[in-house]
Amino acid sequence: PPSPPKDPASLVSAAERLSPHVPELPPGTVHIWRLHLDRTPADLIQRQQVLSLPEQQRAARFLRDADRWQYIVSHAALRLLLGRYLNVPPQCVEFSAAETGKPKLAGSHQSPLRFNLSHSGQLGLAAFALGEEVGIDTERLQPGFDAATVATRCLTPRELAEWTQLPTDQKPAAFYRCWTHKEAWLKATGMGLSKELNQFEINFCTGQPTTVVDMQDSRHSTRWTFHEVTAVSGYAAACATESGISESIILDWPG
């Protein structure tokens with residue numbers, strides 16, 4: 001990838017042009033940003049300059065252009081948004097990993113702000129909350145996707161029995177709803193690498209509040225709240241937060 005400009009003032013100026021307006025984030029609220037990732041080559045170069053050197057190096061390792069561009073735009077958007085929330089230049093935002101591997105803020109800009117990022121296809125989602133953990137997931141709906149085969153591996157026996165009874169035309173949407181809610185919860189808890197999808201249950205019936213039952217630790221069942229995310233056509237999405245978050249606000253960028 002091309003190297004970023006050496007002049008810090010140029011970087012700050014570019015970030016100011018790219019960054020969106022961010023409304024105030026009060027306690028008890030999660031901001032969910034729908035990020036539209038389809039950008040021009042000129043946009044990609046600008047956003048690449050916002051990334052850290054390790055992020056640029058990781059982007060360069062992607063074999064497919066589409067994967068590289070998706071990574072650049074989504075991670076640049078995360079930095080630009082964090083810069084606005086923290087009131088610092090996006091290039092100065094530092095990250096570290098919790099014991100679970102979940103990314104968190106580090107360095108001199110540590111704050112109660114919590115965040116999470118997901119992207120699939122041309123859609124990204126970024127979630128932000130104060131003092132409460134948050135996880136978000138989106139998946140592009142794949143025509144002809146063999147949900148039945150995957151369902152046997154990632155649903156519990158009770159979930160699988162419930163899903164099997166659904167009408168055929170409702171099964172794909174129900175499966176994606178369950179899948180994204182499970183992934184969002186794993187990302188919120190930080191257990192994404194240590195817990196299998198069939199080790200906990202999600203109530204994925206539409207029209208009912210979504211709940212989670214962790215068969216290995218019942219304390220997790222009452223600590224979390226799910227927020228419905230209206231994704232763009234062709235995508236499923238879900239957001240999970242600690243129970244102190246009662247309101248969700250969806251924002252679009254560009255929008």
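Student: How do I read the surface exposure of a residue, and what is the relative accessible area of glutamate 162?

Tutor: Buried means under 20% relative accessible area, exposed means over 50%, and partly exposed lies in between (1.4 Å probe, protein chains only). Glutamate 162 is partly exposed because its relative accessible area is 24%. This residue, glutamate 162, lies in helix α6. Please keep in mind that this is a predicted model, in which local features need pLDDT of at least 70 and side-chain atom pairs count only at pLDDT 80 or more, while totals for chains, interfaces and linings use all residues. Residues are numbered from 1 along each chain as its sequence is written, and side-chain values use heavy atoms, with hydrogens and water left out.

Student: Where does glutamate 162 sit relative to asparagine 203?

Tutor: Along the chain they are 41 residues apart, and their C-alpha atoms are separated by 9.8 Å.

Student: What does arginine 158 touch?

Tutor: Contact here means heavy atoms within 4.5 Å. Leaving aside residues up to four places away in sequence, arginine 158 touches Glu201 and Ile202. Arginine 158 is found in helix α6, which covers residues 157-164, and with a relative accessible area of 39% arginine 158 is partly exposed.

Student: How many helices and strands does the chain have?

Tutor: Helices (H or I, at least four residues) and strands (E, at least two) are DSSP runs, numbered from the N terminus. The chain has seven helices and 11 strands. Of its 255 residues, 48% count as buried. Among contacts in the chain with a separation of 6 or more, 60% come from residues 24 or more positions apart.

Student: How do I read the packing of two helices, and at what angle do α6 and α7 pack?

Tutor: Two packed helices are described by the angle between their axes and the distance between the axes. Axes are lines fitted to C-alpha atoms, for helices over the stretch in contact, and angles run from 0 to 180 degrees between N-to-C directions. Here, α6 and helix α7 (residues 171-189) pack at about 155°, and their axes are 10 Å apart. Angles under 35 degrees count as roughly parallel, over 145 as roughly antiparallel, 65 to 115 as roughly perpendicular and the rest as oblique. So α6 and α7 are roughly antiparallel to each other.

Student: Which residues meet there?

Tutor: Glu159, Trp163 and Thr164 in α6 meet Lys171, Ala174, Phe175, Cys178 and Lys182 in α7. By class, the contact of α6 with α7 has four nonpolar, one polar and three charged residues. For the classes, Ala, Val, Leu, Ile, Met, Phe, Trp, Tyr, Cys and Pro count as nonpolar, Asp, Glu, Lys and Arg as charged, and the others, Gly among them, as polar.

Student: How do α2 and α4 cross?

Tutor: The axes of helix α2 (residues 41-48) and helix α4 (residues 65-86) come within 9 Å and cross at roughly 55°. That angle is why α2 is oblique to α4. On the α2 side the contact is made by Leu44, Arg47 and Gln48, and on the α4 side by Trp69, Ile72, Val73 and Ala76. These contact residues of α2 with α4 divide into five nonpolar, one polar and one charged.

Student: Which residues of α2 are buried?

Tutor: Asp43, Leu44, Arg47 and Gln48 are the buried residues of α2. They lie on the same side of α2, because they cover an arc of only 130° around the axis. The arc is that of the directions from the helix axis to the C-beta atoms.

Student: And how do α3 and α4 pack?

Tutor: Helix α3 (residues 53-60) and α4 pack at about 160°, with axes 9 Å apart. Therefore α3 and α4 are roughly antiparallel to each other. Glu55, Arg58, Ala59 and Ala60 of α3 make the contact with Arg68, Tyr71, Ile72 and Arg79 of α4. In that contact of α3 with α4 there are four nonpolar, no polar and four charged residues.

Student: What is the phi of asparagine 87, and where is its place?

Tutor: Asparagine 87 has a positive phi of about 60° although it is not a glycine. Its place is in the loop between α4 and β2 (94-97), and asparagine 87 is exposed, with a relative accessible area of 72%.
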